[in-house]
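I set out below what I looked up in this structure, entry by entry.

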Amino acid sequence: MEHNALQLFGILLIYTFAQLWAAPAFGDGNNNNVKITKQSLELTQTINIQRQEYLQRQCDLLRDADTQTVDDLTDLQMDHMIVDKEHKLLYCYVPKVACTNWKRVLMLLTGKWQNGTDPLMIPGALAHSVGMFTKFSDLSEEERAQVFSEEYTRFILVRHPFERLLSAYRNKLEGGSPSARYFQSRVGRQIVHELRPGASNASLELGNDVQFGEFVQYLLTPELSRTNQTDYNEHWEVIAKLCNPCVMKYNVVGKYDTLLDDSALALYLAGAKNLTFPTGHKPSSTRANLRKYFDPLPIGAIRRLYEIYEEDFRLFDYGLDDVLGFEFG
């Protein structure tokens, strides 16, 4: 079995390299003047194939022998899967993993934006607007089957579960943006009311001073944080629940740490040769702040939080060393 897997890996690698070398090269630049070379694409694809194989091994370990198929997915389970039929691209968007910018890129790719070629000029609210994209759930049975053909690029971008969680907290409960005020008025006020004894009237009214430890306690209290005790808000829902990787068998598995390279590969394989992911966005400082936010938490709370996101940790090859300085046994 292992020999066959290695043999398949070699065949896929040779096939991919041949496609990359034979295809027309990228131009000298793009909207961000970033040069994409065949060598960088080849390296990214080598890493990508390793990620695919790792993901498949974990899927085989985690699920029963003959479990869910695509026919078993509900509309809700397919809600985050966007399809560009012209370029044969399926993208499952994950909140807090560059999904706003990727939706902006897809608007350019699908001709939904005609006012220039810079994706960062597209309003984020417009990119997230209902009905902007075709969803996997909108496709016919025949079209869904085609998505699983070799012609299609099935793309997912993932992030360290705790880094993504902290990013959601900082953006939605700690910040001062209109989106943050919305979450503070709904989730923040709920957290303060239910989990903070003796809260001030201002905190009860605004919900804008929720501490990270309180947010974690909220996540660990399903009767508060989960709709019908099953689903979290999409910004901190488990990626495996949003994108069902063991069913969808993504053939480009991108990571936030290698966002630009992986996005370039997905766009290249989809035939978007004059479009690249924008580099003009502010880099995240969340990774550098992980220890600051997690160190004060009780080890028991971190262990329970890990159990919630364990599937993401295992499927996408993440560990706890960055957060704790050690792994759980």
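I began with the surface: the chain exposes about 16500 Å², of which carbon and sulfur atoms supply 51%. Such areas come from the Shrake-Rupley method with a 1.4 Å probe, and for residues only the protein chains shown count as cover.

I noted that this is a predicted model, in which local features need pLDDT of at least 70 and side-chain atom pairs count only at pLDDT 80 or more, while totals for chains, interfaces and linings use all residues. Residues are numbered from 1 along each chain as its sequence is written, and side-chain values use heavy atoms, with hydrogens and water left out.

I recorded 17 helices and 5 strands in the chain; these are DSSP runs numbered from the N terminus, helices being H or I of at least four residues and strands E of at least two. Of the 329 residues, 48% are buried (buried is under 20% relative accessible area, exposed over 50%, partly exposed in between; 1.4 Å probe, protein chains only).

I turned to helix H13 and found 8 of its 11 residues buried, among them Leu259, Asp262 and Tyr268. Just after H13, Gly271 has a positive phi of about 85°.

I then examined Tyr256, which sits in the loop between strand E5 (252-255) and helix H13 (259-269). Leaving aside residues up to four places away in sequence, Tyr256 touches Val97, Ala98, Val158, Arg159, Glu163 and Ser284, where contact means heavy atoms within 4.5 Å. Tyr256 and Arg164 are 92 residues apart in sequence, yet their C-alpha atoms are 9.5 Å apart.

Lastly, I placed Glu142 in helix H5 (residues 141-147). Glu142 counts as exposed because its relative accessibility is 61%.
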